[in-house]
Amino acid sequence: MYAITVDDRLQLKVLDPDKDVEESFAVLQKNMPYVEVFLPWMKDRTIEKDKKDMQDALDKFNNGLGSEMGIFEKEVAAEYENKNSWKFIGWCGIIRVKKENPQDAYAELSYWLDKDYWGQGIVTKCMQKLIEFAFTNLELNKLQLTTDNRNQKSLAVARRLNFKLTDIKVTKKLCPEEDLSKLEVHMLNKNDWLSQ
Ligand SMILES: CC(C)(COP(=O)(O)OP(=O)(O)OC[C@H]1O[C@@H](n2cnc3c(N)ncnc32)[C@H](O)[C@@H]1OP(=O)(O)O)[C@@H](O)C(=O)NCCC(=O)NCCS
């Protein structure tokens with residue numbers, strides 16, 4: 001499967017529906033209390049649905065219409081044994097690709113990380129690689145990152161990646177305890193990314 005090296009410890013890899021689904025499903029279920037707060041549509045997943053979505057994501061990747069990848073950490077013991085053994089620790093994706101108008105070719109970014117790995121800059125580092133992939137391999141011109149305005153950790157990721165706030169949308173009940181949610185829409189243009 002296609003993989004992007006992030007650094008000595010991390011890689012992004014296109015998920016294999018036959019090999020990766022059990023591990024990724026288990027990590028997602030362990031993290032559901034943190035993930036479902038801001039991604040509530042994730043909570044009713046089953047392993048069968050994950051496998052189907054993984055196959056759809058693989059088809060889209062093979063057709064240049066997106067990139068959904070697992071975030072994998074090299075297992076420490078494997079280094080001593082000199083073999084590559086990678087542990088699934090999160091997910092990131094280039095989704096909802098729209099390329100009808102090539103000048104305006106656009107997609108959204110999304111991500112979640114195993115709570116045990118928060119606070120180390122892992123998602124920021126992985127998204128830098130995914131953004132590079134989006135602008136160089138998928139011929140996109142704009143990337144969007146939409147985040148609930150109470151999701152301080154995700155807003156901080158958007159800021160670190162130099163996304164600009166372009167809109168605030170009010171939507172019905174994304175968070176269970178609130179009637180309305182405010183979603184901040186952040187954008188990054190290819191030209192701004194190139195000039196960084
Ligand atoms: C959003 C989410 C992925 C952010 O995780 P995160 O660990 O805070 O993000 P990063 O991996 O970029 O790490 C940033 C943190 O590492 C620290 N850090 C350490 N080294 C760093 C480095 N080299 N570069 C950047 N940050 C670094 C930062 O200071 C920051 O810590 P802080 O939160 O204490 O200020 C995580 O909270 C999550 O999975 N949430 C649930 C799902 C979700 O909300 N997804 C987004 C929906 S839009």
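Met54 is located in helix H2. The model described here is a predicted one. Is Met54 buried or exposed? Met54 counts as buried because 22 other C-beta atoms lie within 10 Å, and the cut-off for a buried residue is 20 or more. Apart from its neighbours within four places in sequence, Met54 makes contact with Leu15, Pro17 and Val21. Glu68 stands 14 residues away from Met54 in sequence, and the C-alpha atoms of the two are 8.3 Å apart.

## Helix H1

Val21, which is in contact with Met54, is also one of the buried residues of H1.

H1 is not straight: a bend of about 75° occurs at Met32, and a proline, Pro33, follows within four residues.

Which elements give two or more residues to the shell around the ligand? The ligand is surrounded by 20 residues, of which Trp118, Gly121, Val123, Thr124 and Lys153 are the closest. Two or more residues of the shell come from each of helix H1 (21–38), strand E5 (106–113), helix H4 (122–137) and helix H5 (152–160). H5 provides the largest share, with four residues. Sorted by class, the shell holds eleven nonpolar residues, seven polar ones and two charged ones.

## The fold as a whole

The protein contains six helices and eight strands. Along the sequence, these elements follow the order β-β-α-α-β-α-β-β-α-β-α-β-β-α. The C-alpha trace spans about 50 × 40 × 30 Å along its principal axes. For 196 residues, a compact globule would have a radius of gyration near 16 Å, and the 17 Å of this protein agrees with that expectation.

Of the 196 residues, 28% count as buried. Where contacts link residues at least 6 apart in sequence, 60% of them join residues at least 24 apart.

Note on methods
Residues are numbered from 1 along each chain as its sequence is written. This is a predicted model: local features need pLDDT of at least 70, side-chain atom pairs count only at pLDDT 80 or more; totals for chains, interfaces and linings use all residues. A residue is near a molecule or strand if its C-beta atom, placed from the backbone, lies within 6 Å of it. Ala, Val, Leu, Ile, Met, Phe, Trp, Tyr, Cys and Pro count as nonpolar, Asp, Glu, Lys and Arg as charged, and the others, Gly among them, as polar. The bend at a residue is the angle between axes fitted to the seven residues ending there and the seven starting there. A residue is buried if 20 or more other C-beta atoms lie within 10 Å of its own, exposed if 12 or fewer, and partly exposed in between; C-beta atoms are placed from the backbone. Two residues are in contact if their C-beta atoms, placed from the backbone, lie within 7 Å. The radius of gyration is taken over C-alpha atoms; the globule rule is 2.2 Å times the number of residues to the power 0.38.
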